[in-house]
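Hi,

Here is the structure I promised to pass on. Have a look at it first, and my notes follow below.

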Amino acid sequence: MSSMRNAVQRRNHKERGQVQGREKWGLLEKHKDYSLRAKDYNAKKAKLKRLEEKAKDRNPDEFAFGMMGDKNRTQGKHGRGAGTARASAADLSHDALKLLKTQDKGYLRTVGERLRREIERLERDVELQNGLKKSLGENGGAAKDQSDDEDGSDDDFDDFDFGAPVQPKPNRTVFADDRKDQLAMKKQRLQKDDASDDEDQETPKARKTPKQLEAERKALVEARRARKTRKRAVEARANKLAALRKQHKEVQAAEKELDWQRAKMGNSVGGTNKDGIKWKIRERKR
């Protein structure tokens with residue numbers, strides 16, 4: 001019977017797969033997968049527990065001969081690892097280190113000289129630009145640019161109104177001493193008004209065409225854009241000059257520090273040790 005039962009094709013029972021809503025998380029974890037993951041987790045947890053116990057029971061005065069090996073001596077916080085700057089400095093002599101600091105000072109001097117020339121060039125440009133502004137009388141234009149920028153308006157077309165009527169000038173009140181002066185002033189004002197009316201009749205003011213208004217508007221827009229471009233160029237030059245001055249100051253400070261280190265290596269100056277105690281070179285008695 002058993003052989004007959006095995007001869008018949010039976011249904012293959014497959015493991016349950018991942019549900020459709022969780023397919024993005026991968027295959028469904030089976031019990032064997034969970035067992036392996038739990039076993040690994042427990043092993044790591046036990047190892048960490050043993051390490052904590054060893055660290056707690058460690059004797060700080062413990063000694064092992066392995067500490068005397070060359071390998072351990074060149075590792076760790078206080079070791080001199082191969083390929084590091086400390087190892088290269090330890091292998092050099094005192095004179096060689098002084099020579100390296102001299103070369104470093106030469107490089108810093110070269111960089112400082114290049115920065116100084118660039119700063120002088122920018123300062124000459126700024127002085128030339130200020131001289132041109134004074135000679136051309138662009139102080140009013142600069143004030144106008146500043147007022148435009150303070151308004152915060154980037155639209156070049158809202159600042160120009162070509163069809164708006166001209167506002168009349170306010171009248172000025174003048175007081176006369178007596179009736180005679182008042183009549184004389186009134187007569188003079190009437191004569192001036194008649195003269196202006198005659199001039200207007202003789203030379204009537206022609207109304208501007210739309211093309212002329214458009215041309216004037218474009219010219220004003222281009223002039224304002226040019227002023228803004230010049231102002232941005234001036235600000236960029238000032239920022240670059242400030243950055244170069246800061247960099248030059250840092251290079252000078254580094255060069256001064258190198259001079260101090262070389263002097264200390266040559267025992268020609270004093271200093272302050274790590275405990276804050278000041279010391280100086282003992283001079284020869286006279």
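Arg-116 and Glu-120 sit four residues apart in helix α5, so about one helical turn separates them (helices are DSSP runs of H or I with at least four residues, strands are runs of E with at least two, and both are numbered from the N terminus). Their side chains meet in a salt bridge, 2.5 Å from N to O; the term means a side-chain nitrogen of Lys or Arg within 4 Å of a carboxyl oxygen of Asp or Glu. Arg-116 counts as partly exposed at 32% relative accessibility, and Glu-120 is partly exposed at 32% as well (buried is under 20% relative accessible area, exposed over 50%, partly exposed in between, with a 1.4 Å probe and protein chains only).

Before I go on: this is a predicted model, where local features need pLDDT of at least 70 and side-chain atom pairs count only at pLDDT 80 or more, while totals for chains, interfaces and linings use all residues. Residues are numbered from 1 along each chain as its sequence is written, and side-chain values use heavy atoms, with hydrogens and water left out.

Back to the charges. Lys-240 forms a salt bridge with Glu-118, the closest N and O atoms being 3.6 Å apart. Lys-240 is in helix α8 and Glu-118 in helix α5, so this pair ties together parts 122 residues apart in sequence. Arg-245 and Glu-123 also meet in a salt bridge, at 2.8 Å from N to O. That pair, too, links α8 (Arg-245) to α5 (Glu-123), 122 residues apart. Salt bridges with shared partners join Glu-113, Arg-116, Arg-117 and Glu-120 into one network, and the structure holds 13 salt bridges.

What about the nonpolar side? The largest nonpolar core has nine residues, among them Leu-108, Ile-119, Leu-241 and Leu-258 (a core is a set of buried Ala, Val, Leu, Ile, Met, Phe, Trp, Tyr and Cys residues joined through side-chain atoms within 4.5 Å). The elements giving two or more residues to this core are α5 (94–136) and α8 (210–265), and α5 gives the most, with five.

As for the whole chain, you'll find eight helices and two strands, and 10% of the 286 residues count as buried.

One caution on confidence: the mean pLDDT (the predictor's confidence in each residue, from 0 to 100) is 76, and 67% of residues reach 70 or more. Helix α2 (residues 31–56) has the highest mean, 95, and helix α6 (residues 139–151) the lowest, 50. Where pLDDT is low, the predicted coordinates should not be read in detail.

Cheers
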